[in-house]
Amino acid sequence: MADRERNTINLQKVVSRDPEIHSGDLVFAGTRVPVGSLVCYLKGGYSIEEYLKEFPSVQRWQIESYLELSAEGLDHLRMQNAGASR
């Protein structure tokens, strides 16, 4: 149970959802930046560095943690890595 509580706390530092912030969309914790914007940037071919320049309130560790937790993020990284190895 302690592990589960620890994982929940870590997740709360990465992302949050509040009906009063960005219409309840999933946002990076402590910001008003929707997580969906990261997915759109990455799908559009932009780098994490470019995203961080556009949204400086988001921390790199939040992005990396989200990508680790997100199946969609993992799929994107697999495709990106496959394309880079060609």
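**Labels and their grounds**

Modeller: This is a predicted model. Tyr-66 has a relative accessibility of 13% and counts as buried.

Biologist: Why is Tyr-66 called buried?

Modeller: The cut-off for buried is under 20% relative accessible area. Tyr-66 is at 13%, so the residue counts as buried.

Biologist: What makes Phe-28 buried or exposed?

Modeller: The relative accessible area of Phe-28 is 0%, which is under 20%, so Phe-28 is buried. Its contacts, leaving out residues up to four places away in sequence, include Val-14, Val-33, Leu-38, Tyr-51, Ile-63 and Tyr-66.

Biologist: How many aromatic pairs are there?

Modeller: The count comes to six aromatic pairs. In one of them, the ring centres of Phe-28 and Tyr-66 lie 6.2 Å apart, with the planes at 80°.

Biologist: How do you know that the buried residues of helix 4 line one face?

Modeller: In helix 4, residues 60–69, the buried residues are Gln-62, Ile-63, Tyr-66 and Leu-67. Viewed down the helix axis they fall within an arc of 130°, so they line one face. Glu-68 and Leu-69 are exposed, on the face turned away from the buried side.

Biologist: Which residues have the most contacts inside the largest nonpolar core?

Modeller: That core has 15 residues, and those with the most contacts inside it are Phe-28, Leu-38, Tyr-51, Ile-63, Tyr-66 and Leu-67. Helix 2 (35–43), helix 3 (48–54) and helix 4 each give two or more residues. Helix 2 gives the most, with four. Nonpolar side chains tend to be buried together in soluble globular proteins.

Biologist: What makes Thr-31 buried or exposed?

Modeller: Thr-31 has a relative accessible area of 7%, which is under 20%, so Thr-31 is buried. The residue lies in the loop between strand 2 (27–28) and helix 2. Not counting residues up to four places away in sequence, Thr-31 touches Ile-21, Ser-57 and Val-58.

Biologist: What lies 3.0 Å from a polar side-chain atom of Thr-31?

Modeller: The backbone nitrogen of Val-33 lies at that distance. The limit for a polar contact is 3.5 Å, so 3.0 Å falls within it.

Terms used:
Residues are numbered from 1 along each chain as its sequence is written. This is a predicted model: local features need pLDDT of at least 70, side-chain atom pairs count only at pLDDT 80 or more; totals for chains, interfaces and linings use all residues. Side-chain values use heavy atoms; hydrogens and water are left out. Buried means under 20% relative accessible area, exposed over 50%, partly exposed in between (1.4 Å probe, protein chains only). The arc is that of the directions from the helix axis to the C-beta atoms. A nonpolar core is a set of buried Ala, Val, Leu, Ile, Met, Phe, Trp, Tyr and Cys residues joined through side-chain atoms within 4.5 Å. Contact means heavy atoms within 4.5 Å. A polar contact is a pair of N or O atoms within 3.5 Å; within protein, one must be able to donate a hydrogen and the other to accept it, and residues adjacent in sequence count only if both atoms are side-chain atoms. Rings of Phe, Tyr and Trp (its six-membered ring) pair if their centres lie within 6.5 Å; planes under 30 degrees apart count as stacked, over 60 as edge-to-face and the rest as tilted.
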